[in-house]
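Work through the exercises below with the sequence and the model open. Each solution goes step by step.

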Amino acid sequence: MTDSPRPLGADLARIAVFAALIVVLGTVTVPVPGGVPITAQTLGVMLAGLVLGARRAPLAVLVVLALAAAGLPVLAGGRGGLGVFLGPTAGYLLGWIAGSIVIGLIAHHGRFTWWRAGLGAVLGGILVIYLFGIPVQSLVTGVPFGPTVLSSLVFLPGDLLKAVLAVVLAVALRRAYPRAFPTRARAVAHAG
């Protein structure tokens, strides 16, 4: 069974809602030495991947990044402008795109379950984002890769907590409002 098309307006509305959610979660931030703040925006990226799936979630992320590139203060700490794509967080921002795709692919491959959602949130929402973010942070800051990896471990407990929260919220939303999810996930959920 494939993901059947949904009215364009419904897709655009869902993408806009998750873009707004990612922006709003950027207001929850804790500064950390090294230029990469602890932020709740990755929770929004995880939720987008879990709810919207691999096709629509990166579009929500791209909306946020386009708004940031246009100079709007939509990133953690009220940052925006092209400079954020040249700073220590640039790799993490690009990782959001790939991460949301991986989350959606894993979570919606087959029946949507809490463990699939959790695996997607951890692999896509943490590992993939770190794989993009840490090398760029190292390059931009001039700190060798090894120490950058070690300093990034400060984010891991919070990111694991965000992954758990994203899974709990996504599973609850799927039960309460299955129409928010891609058609394939809804069809499989109703069949099971």
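**Exercise 1.** Decide whether L94 is buried, partly exposed or exposed, then find the patch that includes L94.

Solution. The model is a predicted one.
- Step 1: the relative accessibility of L94 is 44%.
- Step 2: buried means under 20% and exposed means over 50%, so L94 counts as partly exposed.
- Step 3: L94 sits in helix α3.
- Step 4: together with L127, L131 and F132, L94 makes a nonpolar surface patch of about 380 Å².
- Step 5: α4 is the main contributor to this patch, giving three residues.

As background, residues three or four places apart in an α-helix point the same way, because there are 3.6 residues a turn.

**Exercise 2.** Compare the span of α4 with the expected value, and locate the kink in this helix.

Solution.
- Step 1: α4 covers residues 114-141, which is 28 residues.
- Step 2: at 1.5 Å a residue, the expected span is 40 Å.
- Step 3: from first C-alpha to last, α4 reaches 38 Å, close to that expectation.
- Step 4: the kink in α4 is about 35° and is centred on Y130.
- Step 5: just after the helix, G142 has a positive phi of about 80°.

**Exercise 3.** Place H108 in the chain, classify its accessibility and name the backbone atom that its side chain approaches.

Solution.
- Step 1: H108 belongs to the loop that runs between α3 (90-107) and α4.
- Step 2: H108 has 11% relative accessibility, so H108 counts as buried.
- Step 3: a polar atom of the H108 side chain lies 2.6 Å from the backbone oxygen of L50.

Terms used:
Residues numbered from 1 in each chain as written. Predicted model: local features only at pLDDT ≥ 70, side-chain atom pairs only at ≥ 80, totals over all residues. Heavy atoms only, no water. Helix = DSSP H or I, 4+ residues; strand = E, 2+ residues; numbered from the N terminus. Expected span 1.5 Å × (residues − 1). Bend = angle between axes of the 7 residues up to and from the residue. Buried < 20%, exposed > 50% of the residue type's maximum accessible area, 1.4 Å probe, protein only. Polar contact = N/O pair within 3.5 Å; in protein donor to acceptor, adjacent residues only side chain to side chain. Patch = residues over 30% accessible without salt bridge, like charges linked within 9 Å, V, L, I, M, F, W, Y side chains within 5 Å. Areas by Shrake-Rupley, 256 points an atom, 1.4 Å probe, with all protein chains shown as cover. Salt bridge = Lys/Arg side-chain N within 4 Å of Asp/Glu carboxyl O.
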